[in-house]
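Q: I have a model open and would like to go through it with you piece by piece. Could you take my questions as they come?

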Amino acid sequence: GCPGLSITANAIATAEIARVDASCSTFILVHSSLGMLTIALCGSEAQKEKYLPSLAQLNTVACWALTEPDNGSDASGLGTTATKVEGGWKINGQKRWIGNSTFADLLIIFARNTTTNQINGFIVKKDAPGLKATKIPNKIGLRMVQNGDILLQNVFVPDEDRLPGVNSFQDTSKVLAVSRVMVAWQP
């Protein structure tokens, strides 16, 4: 359902949106260049078919949660954990300054696998028990994005919502490399 634009065409569209409102372009970047792109690059075919059409039409909204209160965006120091349990995973930890998190339908969460000690990615639904996203108060810039704090307490994620293409710290860079190009186009 996406228009199939080149990186250059996408960047020009982003720049035009940012000229009107940087908050709107940031929302779109978080949603598409981080959330959707992670599923497109690192998701299974079933995940792509299940989630991308609704995200492309903005019937659902995504956020991308790597940053943590104590580690910033340093994925090598990630403190959020994912423990394998029957039928899925239990995720515990915190995320901070996550754009779109207070209203996102799908949260792309990165956590350290307690067995392999590697970074894994997960698609977490907003109504998952143990998940809490709260708006960071008194923020004056880019208000539409509503940066938030995410608390994950024994959040169960089924096996089918683990992103099979995220198995290390380097895998987060696949998405960041493309999304950073788009950030540069925001005036």
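Q: Before I go on, what should I keep in mind about the model?
A: This is a predicted model, in which local features need pLDDT of at least 70 and side-chain atom pairs count only at pLDDT 80 or more, while totals for chains, interfaces and linings use all residues. Residues are numbered from 1 along each chain as its sequence is written, and side-chain values use heavy atoms, with hydrogens and water left out.

Q: Good. How many bridges join β3 to β7, and in what sense do the strands run?
A: β3 and β7 run antiparallel and are joined by eight bridges, where two strands pair if DSSP finds at least two bridges between them.

Q: And β2 with β3?
A: β2 and β3 also pair in the antiparallel sense, over five bridges, and Lys 84 stands opposite Trp 89 in β3. The hairpin of β2 and β3 has two residues between the strands, and there Gly 87 takes a positive phi near 80 degrees.

Q: What radius of gyration does the chain have?
A: The radius of gyration is 16 Å, which agrees with the value near 16 Å that a compact globule of 187 residues would have; the radius is taken over C-alpha atoms, and the globule rule is 2.2 Å times the number of residues to the power 0.38. Along the principal axes, the C-alpha atoms fill a box of roughly 45 × 40 × 30 Å.

Q: What share of the residues is buried?
A: Of the 187 residues, 45% count as buried, where buried means under 20% relative accessible area, exposed means over 50%, and partly exposed lies in between (1.4 Å probe, protein chains only).

Q: On to the largest nonpolar core: which members touch the most others?
A: Ile 91 and Val 124 do, out of 41 residues in that core, a nonpolar core being a set of buried Ala, Val, Leu, Ile, Met, Phe, Trp, Tyr and Cys residues joined through side-chain atoms within 4.5 Å. Among the elements that give two or more residues to this core are α2 (22-42), β3 (88-98), β5 (119-125) and β7 (148-158).

Q: What does Val 124 touch?
A: Not counting residues up to four places away in sequence, Val 124 touches Ile 91, Asp 105, Leu 106, Leu 107, Ile 109, Leu 131, Val 155 and Val 157, contact meaning heavy atoms within 4.5 Å.

Q: Then what does its side chain reach?
A: The side chain of Glu 68 reaches the backbone nitrogen of Gly 79 at 2.7 Å and makes a polar contact with the side chain of Lys 95 (3.1 Å). A polar contact is a pair of N or O atoms within 3.5 Å; within protein, one must be able to donate a hydrogen and the other to accept it, and residues adjacent in sequence count only if both atoms are side-chain atoms.

Q: How many salt bridges does the structure hold?
A: The structure holds seven salt bridges, each being a side-chain nitrogen of Lys or Arg within 4 Å of a carboxyl oxygen of Asp or Glu. One of them joins Asp 161 to Lys 125, with the closest N and O atoms 2.6 Å apart. Asp 161 lies in the loop between β7 and β8 (162-163) and Lys 125 in strand β5, so the pair ties together parts that are 36 residues apart in sequence.

Q: How exposed or buried are those two, Asp 161 and Lys 125?
A: Asp 161 counts as buried at 2% relative accessibility, whereas Lys 125 is partly exposed, with a relative accessible area of 30%.

Q: And which residues does Tyr 51 contact?
A: Tyr 51, whose place is in helix α3, is in contact with Ile 39, Leu 106, Ile 123, Lys 125 and Asp 161, leaving aside its neighbours within four places in sequence.

Definitions and conventions:
Helix = DSSP H or I, 4+ residues; strand = E, 2+ residues; numbered from the N terminus.
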